[in-house]
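Open your viewer and keep the selection tool handy.

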Amino acid sequence: MREGRLWLLHLIAGFLMFFLLGSHIFFMHMAGGEPLSVEETFARAKNIAFPLMYTIFVAAALYHGLYGLRGILFERFHTPFSQKVINWLLSFLGTVWFLYALATTWIPFFK
Amino acid sequence: MERKKRHYPNFPGVVGWIYGGNLNFERVLFLLHRITGLALIFYLFAHIIVVGFRAYSPQMWEMVMGRISGHANPVILFFEWLLVLAVIFHMFNGMRLIFLELGFFVGKPSRPVYPYRTSIDRQRIFTWIMMILASIFVIWSIFAFFMGGGSHA
Ligand code: HEM
Ligand code: HEM
């Protein structure tokens, strides 16, 4: 994909996360209750809205974070070869972590 | 094709993160944005693994949370709070960057007539608004974390 498109996606993911991560932090820390208890955690896992929301959230967070990391690494490593290595490495890491997150989000929903 | 140089002669390295020629308000925000962004992506990798334990069994989840949640240990609670500070800052400063980079709040282009106006002055108002909003949430987080106002009582 063209460089400008990748950057625009980075911004869109950031914009999305303003709401997704904002509410995540709000409900995990500021809203009260026991969000980390077994009862509340598995009640969320069984509610289709949460796995769906987390699927978008993990994708946005991983893409946004890894694209940011890529930019920082590109500042240091200029050669086309090293940049190709960085692209492959970060894409690989992102894919593996995304698939693991996807599995762990949907397994409790179906179990 | 000419081979690309390994280093540009003016490549400042990590020192350039901190000192890139001048050190103004936006420069400090840039440094903080970079540090918090890096912290968040590394946290996210660990977070996905930890939070993934809920897929194995409720007992497993209870055991893991009993060891590493902020409820379990005040030192962890403190680091969780630092993380939340990083999120709040990165969120609001990131929103500022999105608007500015897309051309909002930078003022209309105008003919450069002395005394020149810089768009920095226009941006600063918005910058301060975002930082004040972030501060409100920081204060809220102190109540939530350490004064029994949130999920940590
Ligand atoms: C909460 C909502 C967030 C918003 C609004 C946001 C916004 C932004 C923006 C606008 C940029 C700069 C893009 C540019 O200058 O072109 C950025 C950079 C970055 N963000 Fe985020 N972000 C958010 C969350 C996150 C999260 C959750 C992570 C980590 C997983 C993250 C990691 C990074 C990194 C590593 C950079 C690169 C920093 C640099 O190049 O100095 N951000 N973010
Ligand atoms: C210390 C504060 C945080 C706490 C207590 C927390 C807690 C949790 C919990 C319990 C889950 C599992 C889902 C659920 O039970 O509903 C989860 C999922 C998630 N969190 Fe956080 N979180 C925190 C901060 C963050 C931050 C800073 C990020 C972004 C970098 C983040 C990104 C995510 C993502 C993407 C998921 C979905 C992962 C998946 O479904 O596998 N969280 N979080």
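In what follows, a donor is an N, O or S atom within 2.8 Å of the metal (for Na, K and Ca the limit is 3.2 Å), and since water is not among the atoms, sites may look incomplete. Bear in mind too that this is a predicted model.

**Stop 1: ligand 2**

Select the iron atom of ligand 2, then show the side chains around it. Which residues coordinate this iron atom? They are His24(A) and His47(B), each through NE2, at 2.0 Å. Now check the geometry: the site has six donor atoms, with angles among them of 86 to 179 degrees, and is octahedral.

Colour by chain and follow each histidine back to its helix. His24(A) sits in helix α1 of chain A (residues 3-30), while His47(B) belongs to helix α2 of chain B (residues 25-51), so the pair joins two chains.

Is His24(A) buried or exposed? Its relative accessibility is 15%, and the cut-off for buried is under 20%, so His24(A) counts as buried. His47(B), with a relative accessible area of 22%, is partly exposed.

**Stop 2: ligand 1**

Next, select the iron atom of ligand 1. Here the coordinating residues are His64(A) and His90(B), again by their NE2 atoms, at 2.0 to 2.1 Å. The six donor atoms make angles of 83 to 180 degrees, and this site is octahedral.

His64(A) is buried, with a relative accessible area of 16%, and His90(B) is buried at 14%.

**Stop 3: the second largest pocket**

Stay with chain A and pick Tyr63(A), Leu66(A), Tyr67(A), Leu90(A) and Ser91(A). Of the 13 residues that line the second largest pocket, these are the closest to its centre. The pocket holds about 320 Å³ of space.

Where does the lining come from? The elements that give two or more residues to it are α3 (49-76) and α4 (80-110) of chain A.

**Stop 4: Thr95(A)**

Finish by selecting Thr95(A), which is found in helix α4 of chain A. Thr95(A) is partly exposed, its relative accessible area being 44%.

Technical notes. Residues are numbered from 1 along each chain as its sequence is written. Chains are lettered from A and ligands numbered from 1 in the order in which they are written. This is a predicted model: local features need pLDDT of at least 70, side-chain atom pairs count only at pLDDT 80 or more; totals for chains, interfaces and linings use all residues. Side-chain values use heavy atoms; hydrogens and water are left out. On a 1 Å grid over the protein atoms alone, a cavity is a set of points where a 1.4 Å probe fits but cannot get out, and a pocket is an open set with protein on both sides within 12 Å along at least five of seven lines; lining residues have an atom within 4 Å of a point. Grid points are joined across faces, edges and corners, and a volume is the space filled by probe spheres set on the points. Helices (H or I, at least four residues) and strands (E, at least two) are DSSP runs, numbered from the N terminus. Four donors count as tetrahedral if all angles lie between 85 and 135 degrees; four count as square planar and six as octahedral if opposite donors are over 155 degrees apart and all others between 65 and 115; anything else is irregular. Buried means under 20% relative accessible area, exposed over 50%, partly exposed in between (1.4 Å probe, protein chains only).
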